[in-house]
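Reader: Before I use the labels attached to this model, I want to know what stands behind them. Please take me through the terms one by one.

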Amino acid sequence: MNATASVNAFLVRLGALTRKEFRQLWRDNSNILIGIVLPIILILLFGYAISLDVKHAPIALVMDDDSPLARDVLSGLHGEYLSPRPVPSMREAERLLRNREVDGIVRLPANFAEQLAAGSAQVQLVLYGTDPTSATAIRGYVSSALNLWVLRNSDRGGPAPGVFADSTSTGRVEVLDRLWFNAANSSMWYLVPGLVVIIMTLVGAFMTALVMAREWERGTLESLFVTPVHRTEILLSKIIPYFLVGMIGFFLCLLAARFLFRVPLYGSLAVLLLTSMLYLIVSLALGLVLSALTKKQFLASQLALFATFLPAVMLSGFLFDLRCVPPLVRYVGQILPATYYMELIRTLFLAGNIWPLILKNNCVLLGYAVLFLILAYAGTPKRLFR
């Protein structure tokens, strides 16, 4: 048989197996739910539920000095980020803080106006420290509000006293800051691209892990082993239908990111699609490897959850920078394919086409795709007894 005839026979067998998989996919609604419905549910749930922004944080105001000057100093606390709540005494404020009805206490001493006139005044700030992220954000908001009052007072030609919040001087230097690659200063811009990575990781590995494990459990692969089909054709026929389903889920997530969450896309859409297609192949191939190892649907689903979803959430840089974690955790995170796709997709969404980073991370993902496909091929021998 010449090469052309061999290729034609390969395509005929692959086409027949792929059509069979498409029919099975259409009959089994669970695959549609995992590949299309689950991504939409996850991105809507996580996109609206997860936020690292601290807004409308309740704080108690204890004003032992109720002079007009004191009220003017604290007027800047009212806004989008803080929700001040006047209370009559420090004891009442501490009770609210213990009951977690407020996240902090701002207290002005009785001689605050006199201190301010003398050139230096102090404002006591007490924070609920069990949540360091919120506490740090609230401290920054309060300090910024006091700094702004000092600047406004100086611009009006009046004295510019030093106001101290939590024993930290506000100084006389104005900082003009700019957030590069996140002009909206919104954690949603940071989180939503990461959610696409989590969804692609979970959905891709789950679909192929469950479908192949089901074939092993039911013994339907045995009927294929006695036919002329090659295991390459078997594996490709499993990947192609679920690759298309996974890309449909990716497009739905992309539409949600752009039009629901208003995340900008500064990079090339074509590069984003090619990168996502490569990573989806990595996830699908990983699912095939997991199913070959377990050959049981329950074990395959549990192993897919343990090997994909949890590491992608905790160790890929989704919630925190890997440079800020212990070295051992950082090294483990650098082993995960999701880490490289996470960096790629955030760069493409928020920074644009940074080609050295794009080429480097895509080469890593290509290496993972080849590795997992080889392992899946080795783990699916065409024989009944091993």
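Author: pLDDT is the predictor's confidence in each residue, on a scale from 0 to 100. For this protein its mean is 84, and 91% of the residues reach 70 or more. The model is predicted, so local features need pLDDT of at least 70 and side-chain atom pairs count only at pLDDT 80 or more, while totals for chains, interfaces and linings use all residues. Residues are numbered from 1 along each chain as its sequence is written, and side-chain values use heavy atoms, with hydrogens and water left out.

Reader: Where in the protein is confidence lowest, and where is it highest?

Author: Strand β6 (residues 168–169) is lowest, at a mean of 44, and helix α14 (residues 355–378) is highest, at 95. Helices (H or I, at least four residues) and strands (E, at least two) are DSSP runs numbered from the N terminus. Over residues 163–174 pLDDT stays under 50.

Reader: What makes Ser187 buried?

Author: Buried means under 20% relative accessible area, exposed over 50%, and partly exposed in between (1.4 Å probe, protein chains only). Ser187 has 8%, so it is buried. Ser187 is placed in helix α7 (residues 187–218). Contact means heavy atoms within 4.5 Å; apart from neighbours within four places in sequence, Ser187 is in contact with Ser51, Leu52 and Asp53.

Reader: Why does Ser283 count as buried?

Author: Ser283 has 3% relative accessibility, so it counts as buried. This serine lies in helix α10 (residues 269–294). Among the residues that Ser283 touches, not counting those up to four places away in sequence, are Met200, Gly204 and Thr208.

Reader: Why is Arg262 called exposed, and why is Arg100 called partly exposed?

Author: Arg262 has a relative accessible area of 59%, so it is exposed. Arg100 stands at 37%, so it counts as partly exposed. Arg262 is in the loop between α9 (231–260) and α10, and Arg100 is in the loop between α4 (90–98) and β3. Arg262 has a positive phi of about 60° although it is not a glycine; phi of Arg100 is near 60°.

Reader: How do you know that β1 and β2 pair?

Author: Two strands pair if DSSP finds at least two bridges between them. Strand β1 (residues 57–63) and strand β2 (residues 82–87) have six bridges, in the parallel sense. The chain passes from β1 through helix α3 (residues 68–73) to β2, a β-α-β crossover that is right-handed. Right-handed means that, with the strands pointing away from the viewer, the path from the first strand over the helix to the second runs clockwise. Five bridges also join β1 to strand β3 (residues 104–108), again parallel.

Reader: What makes the Tyr81 and Tyr141 pair tilted?

Author: Rings of Phe, Tyr and Trp (its six-membered ring) pair if their centres lie within 6.5 Å; planes under 30 degrees apart count as stacked, over 60 as edge-to-face and the rest as tilted. Tyr81 and Tyr141 are 4.7 Å centre to centre with 35° between the planes, and the pair is tilted. Tyr81 lies in the loop between α3 and β2 and Tyr141 in helix α6 (residues 132–155), so the pair ties together parts 60 residues apart in sequence.

Reader: How do you know that the charged end of Arg346 sits over the ring of Tyr190?

Author: A charge sits over a ring if NZ of Lys or CZ of Arg is within 6 Å of the ring centre and within 35 degrees of the ring normal. The charged end of Arg346 is 3.7 Å from the centre of the Tyr190 ring and sits over it. Arg330 does likewise over the ring of Tyr331, at 5.6 Å from its centre.
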